[in-house]
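Subject: Handover of a structure

Dear colleague,

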Amino acid sequence: MGWWFSNIHVRKNAAADEAALTEVLNTLMAEQGLVPAQSAEEADSEIAVLTDAASAWFTLCGEELKFQAPEQFQEIARRLSDALGTDVLGGVCLDSDYLYLNLINTADGTDAWVDVGLFPIPDFDLGRQTELDAWKNKVADFDTFCQSAAKDYVCAEDFLDDVAPCLELPAPYNKADTEDLEELEVEPKWLYYQYG
């Protein structure tokens, strides 16, 4: 059985710090009827926020943030990018067969897409194809990013290991999902929510 995950990454900048990110997430969750809770015991939902000094990003995982369809990600990403004035990256892996990354920045109009592997549902099309030029000013090493995107991968998520330095997104975080955090040996900060 392969890897299944989806996650969201918010690029850090002067406006996109932890306090501002938490405020935006609280707003998004409130729209779903959820308010901050004090503990895991009180919580009906939770979001894991991962970051460290080596990462240029905050990584977000949570049931309320899960997505598979690009439209689901883009709705969340546009809200985060608008509010924080930064890049928002979404990643989905489907059973290690297929992976896509979508990078959104509403301020500069970025809507970058790359995918690897084969979508596991025959004759179904997500409506997007890899467009590497849109990544040119968004990754640290564009040539390596392009070479990695052209490879054939046995496990689609291995693409993330190859491009982790290009994205400045440490490998454990780029595969993070709430079900796998213990296995990835990462220490999240938890935001807890309850129905208000």
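Which residue in strand 8 does Ile-47 stand opposite? Ile-47 faces Leu-191.

This is a predicted model, in which local features need pLDDT of at least 70 and side-chain atom pairs count only at pLDDT 80 or more, while totals for chains, interfaces and linings use all residues. Residues are numbered from 1 along each chain as its sequence is written, and side-chain values use heavy atoms, with hydrogens and water left out.

Strand 3 (residues 45–50) and strand 8 (residues 189–195) are paired in the antiparallel sense over 5 bridges; pairing requires at least two bridges found by DSSP. Strands (E, at least two residues) and helices (H or I, at least four) are DSSP runs numbered from the N terminus. An open sheet is formed by 8 strands in the order 2-8-3-4-1-5-6-7, with antiparallel pairing. Strand 2 (34–36) and strand 7 (110–117) are at the edges with a single partner strand each, so one side of each has no neighbour in the sheet.

Helix 4 (residues 158–167) lies across strand 1 (5–11), strand 4 (57–62), strand 5 (88–94), strand 6 (98–105) and strand 7, at about 20° to strand 6. Angles run from 0 to 180 degrees between N-to-C directions of axes, which are lines fitted to C-alpha atoms, for helices over the stretch in contact; contact means heavy atoms within 4.5 Å.

The axes of helix 1 (residues 18–30) and helix 2 (residues 70–84) come within 10 Å and cross at roughly 135°.

Yours sincerely
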